[in-house]
Amino acid sequence: MDETVKESLKFLLEINDPQTKFKESKRSLQDINYERLANIADLLGMSDLYLKE
């Protein structure tokens, strides 16, 4: 996973750019987005956002 919030956000912006040719299914894109967002939450010390504790 990425080491910085900036790297994670850059990746998310790249794969979600309407000009990007993304050949995976919508579900795959959702999975990738969720994984990256959880990583950002971890980097910010906010894992409770996705752990739902």
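This is a predicted model: local features need pLDDT of at least 70, side-chain atom pairs count only at pLDDT 80 or more; totals for chains, interfaces and linings use all residues.
Biologist: Which residue forms a salt bridge with R27?

Modeller: Side chains of opposite charge can pair when their charged atoms come close. A salt bridge needs a nitrogen and a carboxyl oxygen within 4 Å. Here the closest N and O atoms are 3.5 Å apart, and the partner of R27 is D31.

Biologist: About how many helical turns separate R27 and D31?

Modeller: Both residues sit in helix α2, which covers residues 26-43. They are four residues apart there, so the separation is about one helical turn.

Biologist: And how exposed is D31?

Modeller: The label "partly exposed" sits between the buried limit of 20% and the exposed limit of 50%. D31 is partly exposed because its relative accessible area is 39%.

Biologist: How many salt bridges does the count come to?

Modeller: The protein chain has 8 positive and 11 negative side chains. The centres of these two sets lie 9 Å apart. By the 4 Å rule, the count comes to one salt bridge.

Biologist: Which residues is A41 in contact with, leaving aside its neighbours within four places in sequence?

Modeller: For a contact, heavy atoms must lie within 4.5 Å. A41 can also be placed relative to V5: the two are 36 residues apart in sequence, with their C-alpha atoms 8.8 Å apart. Once the sequence neighbours are set aside, the contacts of A41 are M46, S47 and Y50.

Biologist: Which residues form a nonpolar patch on the surface?

Modeller: One member lies in helix α3, residues 48-51, and that is L49. L49 is exposed, because its relative accessible area is 59%. Together the patch members have about 300 Å² of accessible area, and they are L44, M46 and L49.

Biologist: Stepping back, in what order do the elements of the protein chain run?

Modeller: The protein chain has three helices and zero strands. Its C-alpha trace spans about 35 × 20 × 15 Å along the principal axes. Read from the N terminus on, the order is α-α-α.

Biologist: Finally, what percentage of the residues count as buried?

Modeller: The accessible surface of the chain comes to about 4,400 Å², and 54% of that belongs to carbon and sulfur atoms. Of the 53 residues, the share that counts as buried is 21%.

Notes: Residues are numbered from 1 along each chain as its sequence is written. Side-chain values use heavy atoms; hydrogens and water are left out. Patches are made of residues with over 30% relative accessible area and no salt bridge: like charges are joined within 9 Å, nonpolar side chains (Val, Leu, Ile, Met, Phe, Trp, Tyr) within 5 Å. Accessible areas come from the Shrake-Rupley method with a 1.4 Å probe; for residues, only the protein chains shown count as cover. A salt bridge is a side-chain nitrogen of Lys or Arg within 4 Å of a carboxyl oxygen of Asp or Glu. Helices (H or I, at least four residues) and strands (E, at least two) are DSSP runs, numbered from the N terminus. Buried means under 20% relative accessible area, exposed over 50%, partly exposed in between (1.4 Å probe, protein chains only). Lys and Arg count as positive and Asp and Glu as negative; His and the chain ends are not counted. The place of a charge is taken as NZ of Lys, CZ of Arg, CG of Asp or CD of Glu.
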